[in-house]
Amino acid sequence: MPEYKLIYFNAKGTAELIRWIFTHGGITFTDERIEMEDWPERKSEMPHGKVPVLMIDEEPLVQSLAIARFAAKEAGLVPEDNLEAAMCDALVDTVNEMMKELYDNVRKYDDDDEKQKYFEEIFFPNHLEPFLKNLNERLSEKEWFVTDQLTWADLMLARTMMQITEKHPDCLENFSDVAAHMERVCEVPSIKEWIENSPETAF
Ligand SMILES: N[C@@H](CCC(=O)N[C@@H](CS)C(=O)NCC(=O)O)C(=O)O
């Protein structure tokens with residue numbers, strides 16, 4: 001087994017899914033967290049000046065989703081079946097695209113009230129709500145999103161729903177099956193233990 005070192009900020013951000021995947025797979029990794037004040041001098045060490053970076057022995061792997069997919073394969077969280085694996089990718093890409101839309105827009109506003117207004121008046125009705133309706137229907141019939149077992153797509157979904165509900169606690173009010181899915185993932189013993197013991201961070 002190679003040595004894994006995941007380099008990111010002292011934050012959850014786009015690294016937390018990768019941490020969940022390694023943890024769930026019982027794969028040992030070094031969780032290197034860079035403090036913001038050290039970033040200017042560390043940035044030039046990273047292949048594209050960005051994190052997360054996964055060092056696999058001496059080899060750097062970049063891009064959070066490429067790293068997560070790699071880790072998920074190592075952890076047995078990607079289905080063997082090609083179509084089921086693609087279904088996982090499709091959900092992960094959809095969630096990622098939606099979150100990019102959210103972050104690209106909220107960063108335009110300095111004021112928290114304006115961010116909230118954008119969320120309530122634009123993001124929720126146009127992006128999140130239609131997605132949740134679809135998802136809720138599927139999850140009313142299935143325990144896990146793609147197969148009858150947990151995949152990395154379930155982890156991506158639950159992690160993202162946690163992130164959203166931390167800031168907007170009511171948004172799953174009408175989507176009880178999505179809320180139940182998030183709770184189900186958080187009750188998986190490995191994930192539960194990680195959540196309980198991971199450091200408090202600003203984001
Ligand atoms: N598409 C890349 C984006 C990488 C990225 O923008 N990372 C941010 C943190 S989430 C970063 O390194 N920001 C610091 C900087 O650009 O100096 C990925 O998913 O890994």
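Modeller: The UniProt annotation "domain: GST C-terminal", from an unreviewed entry, covers residues 81-203. The feature "domain: GST N-terminal", also from an unreviewed entry, is placed by UniProt at residues 2-79. Such positions follow the numbering used here, feature names are shortened, and annotations may be inferred rather than shown by experiment. Residues are numbered from 1 along each chain as its sequence is written. This is a predicted model, in which local features need pLDDT of at least 70, side-chain atom pairs count only at pLDDT 80 or more, and totals for chains, interfaces and linings use all residues.

Biologist: What makes up residues 81-203, and what makes up residues 2-79?

Modeller: Residues 81-203 are 75% helix and 0% strand, with end C-alpha atoms 35 Å apart. Residues 2-79 are 31% helix and 24% strand, and their end C-alpha atoms lie 22 Å apart. Helices (H or I, at least four residues) and strands (E, at least two) are DSSP runs, numbered from the N terminus. The protein has eight helices and four strands, in the order β-α-β-α-β-β-α-α-α-α-α-α from the N terminus on.

Biologist: Why is strand β1 called mostly covered?

Modeller: A residue is buried under 20% relative accessible area, exposed over 50%, and partly exposed in between (1.4 Å probe, protein chains only). Five of the six residues of β1, residues 4-9, are buried. In the protein, buried residues make up 46% of the 203 residues.

Biologist: What is the hand of the crossover from β1 to β2?

Modeller: The chain passes from β1 through helix α1 (residues 16-24) to β2, and this β-α-β crossover is right-handed. The term applies if, with the strands pointing away from the viewer, the path from the first strand over the helix to the second runs clockwise.

Biologist: How do you know that the radius of gyration agrees with a compact globule?

Modeller: The radius is taken over C-alpha atoms, and the globule rule is 2.2 Å times the number of residues to the power 0.38. With 203 residues, a compact globule would have a radius near 17 Å; the protein has 17 Å, so the two agree.

Key: Side-chain values use heavy atoms; hydrogens and water are left out.
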